[in-house]
Amino acid sequence: MVHDPDELKAWRKHERERLIAARAALPAQTLEAYRHRIDRFLELSFPGLSRGRLAFCWPIKGEYDARHFARTMRERGALTALPVVVAPRKPLIFREWHPGIRLAIGAMNIPYPADSPEVQPDAAILPMNGWDARGYRLGYGAGFFDRTLASLARRPVTIGVSYELARLDTIHPQDWDIPLDYVVTERGVYRRDPEGLAFLGEPQQGTPSALASPVCYADEVKRD
C-alpha cells in the first residue's frame, strides 16, 4: 500500500505514463476492433442510455472513441453532452453536443462545446488510463471527474471504458477517489458490487441485458 502522498503521486504518474504508452503502441486496426466490440457491448448491455442524457468524452491518445456510440444513441433519442473545464480545481459542467454545435479547443487540445445549453447527464461514459479490481479509475491526475461527481446532487451512472491491458491490482484509492458503477473493455462488462468488480461476461444478442435501464438500477448500487 502506498501511503505517502508524494510517493502516491509519483507512482500514479509512472503508471499513467506506462499505460498510455502501452495503449499508444497498439496497432490502429486493433484499436478499431476493440472500439467495435466495446460499442456492441455498450449497446447490448445498456439500452436505457438511448432514453436519457448521455455524457461522453472526446477521445485522445488512443482512448476508446465514444463518438460512434454516442451517434447511435442520438439516433435512438438520446441527448449527448461533452464535459467543459470551467477553471482549475473546479467541477466540470456538461454542455449538449451533436454535429453542428460549435466546438472550441481547450486543455490538452480537447474540443468542447463553446456555447450550447448546460445539461445534467443521467449517465456518463468515462475513458480510463487505468482501472482496478474495485472499479477505481486512473485518469490524467487533475481530479476533474472525481470532483465533479462529488459535487452533483444527483450522480449519473458512470461507465468506465478502457482496455484489458490497463487493468491494475489497485490504484491505491484515496478518500477523494470515486469508484465507477461499471467497466467495459474489449473482454466484456464488469459491474461494481460491494466486494468489487464482478465480471458479467460478453453480452450476446438476444440474451437479457446487464441493464435494461441503467439510470434506475444505479440507485441499487452501493457507492461506498
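A charge sits over a ring if NZ of Lys or CZ of Arg is within 6 Å of the ring centre and within 35 degrees of the ring normal. The model is predicted: local features need pLDDT of at least 70, side-chain atom pairs count only at pLDDT 80 or more, and totals for chains, interfaces and linings use all residues. Residues are numbered from 1 along each chain as its sequence is written, and side-chain values use heavy atoms, with hydrogens and water left out.

**Exercise 1.** Identify the rings over which the charged ends of R187 and R67 sit.

*Solution.* Step 1: the charged end of R187 is placed over the ring of F199, 3.7 Å from its centre. Step 2: for R67, the ring is that of W58, with the charged end 4.7 Å from the centre. Step 3: W58 also belongs to a cluster with F56 and W97, linked by ring pairs (Phe, Tyr and Trp rings, the six-membered one for Trp, with centres within 6.5 Å).

**Exercise 2.** Classify the aromatic pair of Y34 and Y163, and state which parts it ties together.

*Solution.* Step 1: planes under 30 degrees apart count as stacked, over 60 as edge-to-face and the rest as tilted. Step 2: the count of aromatic pairs comes to six. Step 3: Y34 and Y163, at 5.4 Å centre to centre and 45° between the planes, form a tilted pair. Step 4: Y34 lies in helix α2 and Y163 in the loop between β10 and β11 (167–168), so parts 129 residues apart in sequence are tied together. Helices (H or I, at least four residues) and strands (E, at least two) are DSSP runs, numbered from the N terminus.

**Exercise 3.** Locate the buried residues of helix α3 (residues 67–75) around its axis.

*Solution.* Step 1: F69, A70, T72 and M73 are buried in α3. Step 2: they cover an arc of only 160° (from the directions of the helix axis to the C-beta atoms), which puts them on the same side of α3.

Key. Buried means under 20% relative accessible area, exposed over 50%, partly exposed in between (1.4 Å probe, protein chains only).
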